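Me: Please take me through this structure by question and answer. I am new to it.

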Amino acid sequence: MKLVDYDKELKVETWKCLNLGTEKPHELNNFLFNGYRIYDIQENKVVKTNLDLHKWLNDKSL
């Protein structure tokens with residue numbers, strides 16, 4: 001999943017599902033840039049998140 005928007009007033013994150021998949025979630029760690037997270041669709045839970053929100057907001061404003 002990729003963070004696509006953040007509402008500063010409401011503190012609400014909007015995430016978009018991507019079409020990257022694997023049977024071994026640890027293989028996705030190579031793609032885990034800032035603003036991305038790994039979601040397990042079988043367990044319906046977030047496995048890992050890489051988000052420095054302050055940096056993401058600064059990068060988005062550029």
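Me: How much space lies in the largest pocket?
Reply: The model is predicted, so local features need pLDDT of at least 70 and side-chain atom pairs pLDDT 80 or more, while totals for chains, interfaces and linings use all residues. Residues are numbered from 1 along each chain as its sequence is written, and side-chain values use heavy atoms, without hydrogens and water. A pocket is an open set of points on a 1 Å grid over the protein atoms alone, where a 1.4 Å probe fits, with protein on both sides within 12 Å along at least five of seven lines. Volume is the space filled by probe spheres set on the points, joined across faces, edges and corners, and here it is about 560 Å³.

Me: Which residues are closest to the centre of the largest pocket?
Reply: Lining residues have an atom within 4 Å of a point. There are 19 of them, and the closest to the centre are Leu20, Gly21, Leu28, Ile38 and Tyr39.

Me: Is isoleucine 38 buried or exposed?
Reply: Buried means under 20% relative accessible area, exposed over 50%, partly exposed in between (1.4 Å probe, protein chains only). Because its relative accessibility is 6%, isoleucine 38 counts as buried.

Me: What does isoleucine 38 touch, not counting residues up to four places away in sequence?
Reply: Contact means heavy atoms within 4.5 Å. On that basis, isoleucine 38 touches Pro25, Leu28, Asn29, Leu32, Lys45, Val46, Val47 and Lys48.

Me: How far apart in space are isoleucine 38 and lysine 24?
Reply: In sequence, isoleucine 38 and lysine 24 are 14 residues apart. From C-alpha to C-alpha, the distance between them is 11 Å.
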